[in-house]
Amino acid sequence: MTPTLTALTGFVAWTLFLLVLMELIRSKLVMTKAIQANEFRPDNANLSPFMQRLARAHANCLEGLPIFGGLMLIAVLAGKSAVTDPLAYTLLGARILQSVLHLTSLSVTAVTLRFVAFAVQMGIAAYWAFRLLAAY
């Protein structure tokens, strides 16, 4: 697999990991009768602050996947993965860092670093989009 396809697979796997983690915790809450199965809110607003951050981190991945993943997929399908390969792992690392920071802290420093990680992803995506459009 190319670095682009590996990073895309990693992005999807990370998104899945966050979902599985959330559902494992939710399942435990139901099995211990801490909450009824029909009482969950999509954003986990009625659960702990960690669960709320987990729902948001997962949503961030879902929001970014069409853009970042779409560009990676376009590059591979167009035979232009040379555009995305060099920064594919950087984008994946920035995505994972953004999620981990989201889960671990709401401090000013963590939020600032989380934004920087997202800005790195946006910068890479804008660069890829420009390069892919210019290649045609």
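Residues are numbered from 1 along each chain as its sequence is written, and side-chain values use heavy atoms, leaving out hydrogens and water. In this predicted model, local features need pLDDT of at least 70 and side-chain atom pairs count only at pLDDT 80 or more, while totals for chains, interfaces and linings use all residues.

The protein has four helices and zero strands, where helices (H or I, at least four residues) and strands (E, at least two) are DSSP runs numbered from the N terminus. Its C-alpha atoms fill a box of roughly 55 × 30 × 20 Å along the principal axes. Of the 136 residues, 36% are buried, that is, under 20% relative accessible area with a 1.4 Å probe, protein chains only.

Helix H2 (residues 49-77) packs against helix H4 (residues 108-134) at an angle of about 35°, and their axes are 10 Å apart. Here axes are lines fitted to C-alpha atoms over the stretch in contact, and angles run from 0 to 180 degrees between N-to-C directions. On the H2 side, the residues in contact (heavy atoms within 4.5 Å) include Phe 68 and Leu 71; on the H4 side, they include Met 122 and Trp 128.

The loop between helix H1 (3-31) and H2 holds Phe 40. Leaving aside residues up to four places away in sequence, Phe 40 touches Arg 26, Leu 29, Val 30, Ile 35, Asn 46 and Leu 47. Leu 113 is 73 residues from Phe 40 in sequence and 30 Å from Phe 40 in space, C-alpha to C-alpha.

Note on methods. Buried < 20%, exposed > 50% of the residue type's maximum accessible area, 1.4 Å probe, protein only.
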